[in-house]
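I opened this entry to keep track of what I looked up, one element at a time. The notes below follow the order in which I went through the structure.

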Amino acid sequence: MKKKIMAVFVACAMVLSLAVGIVSADEGDKVYTVSIQFTFPEESATGAKKVLSEIEEESNGRIKFETYYSYAYVEQADVPEGLETGQLDIAGFMPVEHAGKFPLNGTLISLPLYNYPDWNAASQIYLSALYNSEDMLAEFTNHGMVFWAGYICPGFQILSTKELNSKTPDLFSGLTVMCDQAEVSQLVNVNSGGAINAFPPDYLTNLQNGVADTLIQHVNCAFVFGCFDYVKSAVFFGESGLYNLPCVYAFSQSFWDSLPEDLQAIFIAHASEMCYESHASDYALYANAAYPALEEAADIVVLNDEEIAVWQDAISGVVDASMEKITKDSAAAPEVYGAIKQMIADYDADTFEIGTNNFGETAVWQTAE
């Protein structure tokens with residue numbers, strides 16, 4: 001009798017083991033269709049698309065991306081909610097456009113005239129500040145997101161249909177300026193200009209129809225939307241620009257948690273590459289197409305350090321007032337701001353290290369050339 005009971009037990013154990021094996025095999029063969037949405041059009045996504053292709057290949061077909069561009073799936077204003085609810089698996093977005101959720105990654109990082117050494121430095125310094133601040137990372141986790149990658153967009157410059165005869169803020173006198181940065185908008189207004197908000201698809205028509213005569217935007221965006229047919233003069237604050245906006249990619253927490261560890265590991269392995277390649281795509285568009293097109297269309301004045309310092313003095317009171325407000329939203333603001341300013345002062349391209357990212361991996365960076 002005991003032998004029969006033992007035989008039954010062994011048989012049951014074998015069946016159970018077989019069943020577990022079948023479940024594991026099913027999980028190993030499962031294909032994850034991953035929705036990912038970009039802020040920009042497809043032609044601007046060369047580097048990111050390269051990374052996505054590598055991930056699909058390394059997953060042996062278990063990851064398939066369903067890709068949307070220019071907010072084609074979820075509207076700009078609804079992207080954070082789309083990630084929080086799992087409507088989107090991965091999304092790129094500008095934290096400054098959702099400043100209530102992102103006082104540090106949005107408002108603080110986008111303050112004018114940090115005066116980064118160059119564009120490469122701007123992206124590296126932002127990532128280092130983010131990875132070394134629990135408060136900055138918490139702005140993602142607190143809203144149902146997992147930060148994956150990010151970089152600083154090209155620096156914003158002043159582009160005008162008018163001849164700009166000054167190198168100081170009084171150049172705004174009499175101009176109607178499309179600008180979405182709060183502190184710079186205030187600077188425009190106190191210098192007898194008129195700042196108006198505009199969505200990128202409206203830039204060209206506003207210039208065509210005389211709704212506005214000046215745009216503060218990064219060169220790539222103005223180029224993509226065809227503005228250079230009307231831009232006649234430009235004032236540049238060096239490569240780092242008048243101000244800078246980060247673009248980030250985040251996972252929905254629910255999507256991330258649904259992935260098996262081996263697929264999570266593939267995404268983690270490509271985190272640094274996603275940062276760099278996204279930056280490099282913008283750099284290539286800037287260097288090879290956008291800036292040359294602007295050079296042909298307009299007179300470009302590049303401000304020197306002394307001239308930029310005049311702008312920093314002019315806007316310093318507005319920045320100080322904004323820092324007070326940001327600090328009320330996040331007590332970590334002064335520490336983050338100080339860390340960024342210190343990294344800018346100490347920056348050496350040959351020795352700068354971003355640090356360890358939020359996945360515990362060493363973040364690496366190449367140099368866009």
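I began with the pairing of β5 and strand β8 (residues 214-218), which run antiparallel and share five bridges. For the terms, I took helices (H or I, at least four residues) and strands (E, at least two) as DSSP runs, numbered from the N terminus, and I counted two strands as paired if DSSP finds at least two bridges between them. I noted that this is a predicted model, in which local features need pLDDT of at least 70 and side-chain atom pairs count only at pLDDT 80 or more, while totals for chains, interfaces and linings use all residues. Residues are numbered from 1 along each chain as its sequence is written, and side-chain values use heavy atoms, with hydrogens and water left out.

Next I looked for the partners of Ile158: its bridge partner in β8 is Ile216, and in β9 it is Val235. Strand β9 (residues 233-236) is joined to β5 by three bridges, again in the antiparallel sense.

Is strand β5 buried or exposed? I found that five of the five residues of β5 (residues 156-160) are buried, so the strand is largely enclosed by the rest of the structure; buried here means under 20% relative accessible area, exposed over 50%, and partly exposed in between, with a 1.4 Å probe and protein chains only. Phe156, Ile158 and Ser160 are buried on one side of β5, and Gln157 and Leu159 are buried on the other.

I then placed β5 in its sheet, an open one of six strands with mixed pairing and the order β7-β6-β8-β5-β9-β11. Because β7 (194-196) and β11 (299-302) stand at the edges with a single partner strand each, one side of each is left without a neighbour in the sheet. Neighbouring strands of this sheet are turned by 25° against each other on average, direction ignored; for such angles, axes are lines fitted to C-alpha atoms, for helices over the stretch in contact, and angles run from 0 to 180 degrees between N-to-C directions. Helix α12 packs on this sheet and touches β5, β9 and β11, with its direction at about 125° to that of β9; contact means heavy atoms within 4.5 Å. Strand β6 (residues 176-178) pairs with β8 in the parallel sense over two bridges, and there Met178 has Leu215 as its bridge partner.

I turned to the open sheet of five strands, which has mixed pairing and the order β2-β1-β3-β10-β4. Its edges are β2 (63-68) and β4 (145-152), each with a single partner strand, so one side of each has no neighbour in the sheet. The twist averages 20° from one strand to the next. Strand β1 (residues 32-37) pairs with β2 in the parallel sense over six bridges, and Ser35 stands opposite Glu66 in β2. I also noted that α12 lies across β4 and β10, running at about 35° to β4.

Which helix does α5 pack against at an angle of about 155°? The helix is α12 (residues 271-297), and the two axes are 11 Å apart. That makes α5 roughly antiparallel to α12, since angles under 35 degrees count as roughly parallel, over 145 as roughly antiparallel, 65 to 115 as roughly perpendicular and the rest as oblique. Where they meet, α5 contributes Trp119, Asn120, Ser123, Leu127 and Tyr131, and α12 contributes Cys275, His279, Asp282, Tyr283 and Tyr286.

Last, I checked two loop residues. Tyr71 lies in the loop between β2 and α3 (79-84), has a positive phi near 55°, and counts as buried at 14% relative accessibility. Asn115, in the loop between α4 (103-108) and α5, has a positive phi near 60° and is partly exposed, with a relative accessible area of 28%.
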